Amino acid sequence: MPHPIVFTHPEPPPATTRIWPVFLPFAGCPYRCLYCAQDKQTGRDHVDLGNILRDLETDLEQALAAGRGPYEIAFYGGTFTALPEPWPETFLSMAARFRERGLITRVRCSTRPDCVDPDGLAGLRAQGLDMVELGVQSFDDAALRTSGRGYTGETARAACAMVKEAGLALGIQLLPGLPGDRDGVFADDVRRTAGLAPETVRLYPCLVIRDTPLAALWEQGEYAPWTLSRTRAELAGALLALWAKNVRVIRLGLPPEGTLAEHILDGPWHPALGQSVRGLALAQVIWEKIQLLGKGPSSLDVPRRYQGELLGHADELAEEYAILGFGKGMVRYVDGDEFVLE
Ligand code: SF4
């Protein structure tokens, strides 16, 4: 009689800190990228850094008084390392004051690969920055060139190395499906990303958003985004490749924030993309285990915390599981961490 196959989910353990996001839309950006719609994502098309600083300080004081936290503060939505002086230092010194008081435990920012240098990173590290998320988008020269990002794959790779050499944790953001994309580019980007061993990765499939230069290209028929089904399959493969290298993937697709959803003209948008892709990745893991079993499955125990993603979004994978041989009542949700396939 074949032995049951016992396995755990391949995802690395999640971070335990809670993020306090601070959005600085387009602040410090040398120009506006072809596809970028920080204004639609945040509901603001410009920032007054002084107002943001004041509001943030008030909100942090209130959180401290209410006994909330601790938090990791994250400066997103712009190019933090290229903010005009003295803003990076001003934001970091305020974070440091709240770190001394126990509310903040870590500070991260997002920036572009062509806006970092060793001295600048060392300075920010000394002022209390812990992590840099680089908007790499792709390591492919042609995709970067066609998308007008203004740097090469080598610049992106060197920036990742610089972040680590400065003693900072590294996050990488990829943007699959850019203009200039070709079959295999994203899989190659994922392989390179995994090889750089970042702490985290975010994957934002390219969308066509109203009032962006990309929308004009799309209207002229010069750009076509990925389909949703391709996106699901490519992202599920990326998840498995990154998880295999112990890299946490902390975002799949743009969050439905601000007025974003109403401005999406085309592209692989789905409000539950993460659940859908995670379900598909898990189905691939289970499919591989069934091959090892050497017979049709008779039961599957699934840790209860994966109940919401086993069948994907709105049970979209029910048919696939039926094809794999799972009839009604064969899946049990159990306590603990182990899947047991018999
Ligand atoms: S993609 Fe990044 S660098 Fe480009 S405009 Fe948007 S926030 Fe700025």
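Modeller: Let's start with a definition: on a 1 Å grid over the protein atoms alone, a pocket is an open set of points where a 1.4 Å probe fits, with protein on both sides within 12 Å along at least five of seven lines, and lining residues have an atom within 4 Å of a point. This is a predicted model, where local features need pLDDT of at least 70, side-chain atom pairs count only at pLDDT 80 or more, and totals for chains, interfaces and linings use all residues. Residues are numbered from 1 along each chain as its sequence is written, and side-chain values use heavy atoms, leaving out hydrogens and water.

Biologist: Which residues lie nearest the centre of the largest pocket?

Modeller: Gln41, Tyr76, Gln173, Arg202 and Tyr204 do, out of 48 lining residues.

Biologist: And what is a nonpolar core?

Modeller: The term means a set of buried (under 20% relative accessible area, 1.4 Å probe, protein chains only) Ala, Val, Leu, Ile, Met, Phe, Trp, Tyr and Cys residues joined through side-chain atoms within 4.5 Å. Here the largest one has 82 residues, and Leu24, Ile73 and Phe75 have the most contacts inside it.

Biologist: Where does this core lie relative to domain 1 and domain 2?

Modeller: Between them, because domain 1 (18-270) and domain 2 (280-341) both give residues to this core; the bounds come from an automatic or database domain assignment. A second, separate core has 19 residues, including Leu175 and Cys206.

Biologist: Is threonine 111 buried or exposed?

Modeller: Buried, with a relative accessible area of 4%.

Notes:
Buried means under 20% relative accessible area, exposed over 50%, partly exposed in between (1.4 Å probe, protein chains only).
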